[in-house]
Amino acid sequence: MLYGSDADSREEIARLMEKYGSSLLRMSALYLKDAFLAQDAVQETFLKAYRHAGDFRSESSEKTWLTSICINTCRDMLKSAYFRHNSRMNIELLSERPAEFCFPDNTVISEVMSLPPKYREVVLLRYYEQMKIKEVASALKLSVGKTRTRLNKANEILRGRLKEWYEDEES
């Protein structure tokens with residue numbers, strides 16, 4: 001992947017954009033809580049992937065590699081002074097959420113987004129992006145054990161916060 005001439009790299013990036021662009025955009029929008037900033041993050045992700053095409057060593061999948069770049073890009077954006085002063089959330093602007101995430105209200109997604117970042121990341125990657133634990137660990141540069149621990153803690157927090165919400169659904 002991504003080796004060869006400059007033209008080959010451009011074609012490869014175009015293929016990756018086609019294959020993973022929507023998924024990275026949804027994840028970035030959830031991560032940044034802003035659909036427009038998410039577009040910037042995804043563009044920056046693919047620029048970084050293009051610039052560092054030779055760094056990809058096939059130790060992980062291309063999706064995991066791109067997700068790792070994208071998460072780091074989103075983290076950088078969250079740290080920026082601009083973002084801290086201008087953040088906003090518009091869930092309606094998110095495109096094509098998977099069917100299992102179409103709830104009658106935004107309770108679940110709001111609770112996921114209110115998790116501390118280290119828990120929110122694993123939840124978004126594992127459940128929303130449907131990545132395997134090993135892929136999540138690789139994308140976040142964590143051990144599989146630490147990833148499982150964070151996911152279990154996130155699930156515990158969400159169960160506590162959403163207990164009344166899902167008990168109402170069962171009634």
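Tutor: Gladly! Buried means under 20% relative accessible area, exposed means over 50%, and partly exposed lies in between, with a 1.4 Å probe and protein chains only. This is a predicted model, where local features need pLDDT of at least 70, side-chain atom pairs count only at pLDDT 80 or more, and totals for chains, interfaces and linings use all residues. Residues are numbered from 1 along each chain as its sequence is written, and side-chain values use heavy atoms, with hydrogens and water left out.

Student: Why is Arg-161 called partly exposed?

Tutor: Its relative accessibility is 39%. That value falls between 20% and 50%, so Arg-161 counts as partly exposed.

Student: What makes Glu-111 and Arg-161 a salt bridge?

Tutor: A salt bridge is a side-chain nitrogen of Lys or Arg within 4 Å of a carboxyl oxygen of Asp or Glu. Here the N to O distance is 3.5 Å, so the pair qualifies. The two residues link distant parts of the chain, 50 residues apart: Glu-111 is in helix α5 (residues 107-113) and Arg-161 in helix α8 (residues 144-170). Glu-111 has 22% relative accessibility, so this residue is partly exposed.

Student: Why can such side chains pair at all?

Tutor: Side chains of opposite charge can pair when their charged atoms come close.

Student: How do you know that Glu-62 and Lys-19 meet in a salt bridge?

Tutor: Their N to O distance is 3.9 Å, within the 4 Å limit, so the pair counts. Glu-62 lies in helix α3 and Lys-19 in helix α1, so the bridge ties together parts that are 43 residues apart in sequence.

Student: Is Glu-62 buried or exposed, and what about Lys-19?

Tutor: Glu-62 has a relative accessible area of 14%, under 20%, so this residue is buried. Lys-19 has 51%, over 50%, so Lys-19 is exposed.

Student: Which helix holds both Glu-156 and Lys-153?

Tutor: Both lie in helix α8, three residues apart, about one turn of the helix. Glu-156, at 48%, is partly exposed, and so is Lys-153, at 34%.

Student: Which residues do salt bridges with shared partners join into one network?

Tutor: Glu-12, Arg-15, Lys-19 and Glu-62. The structure holds eight salt bridges.

Student: How many helices and strands does the protein chain have, and what counts as one?

Tutor: There are eight helices and zero strands. Helices are DSSP runs of H or I with at least four residues, and strands are runs of E with at least two, numbered from the N terminus.

Student: What makes a space a cavity here?

Tutor: On a 1 Å grid over the protein atoms alone, a cavity is a set of points where a 1.4 Å probe fits but cannot get out; lining residues have an atom within 4 Å of a point. The search of the whole structure finds one cavity of 30 Å³ or more, and the largest cavity holds about 40 Å³ of space. Its lining consists of Tyr-20, Ser-23, Leu-24, Met-27, Lys-63, Thr-67 and Glu-129.

Student: Which elements give two or more residues to that lining?

Tutor: They are α1 (6-32) and α3 (62-79). Helix α1 gives the most, with four residues.

Methods: 1 Å grid on protein atoms, 1.4 Å probe; cavity = no way out; pocket = protein on both sides within 12 Å on 5 of 7 lines; lining within 4 Å. Points joined across faces, edges and corners; volume = space filled by probe spheres on them.
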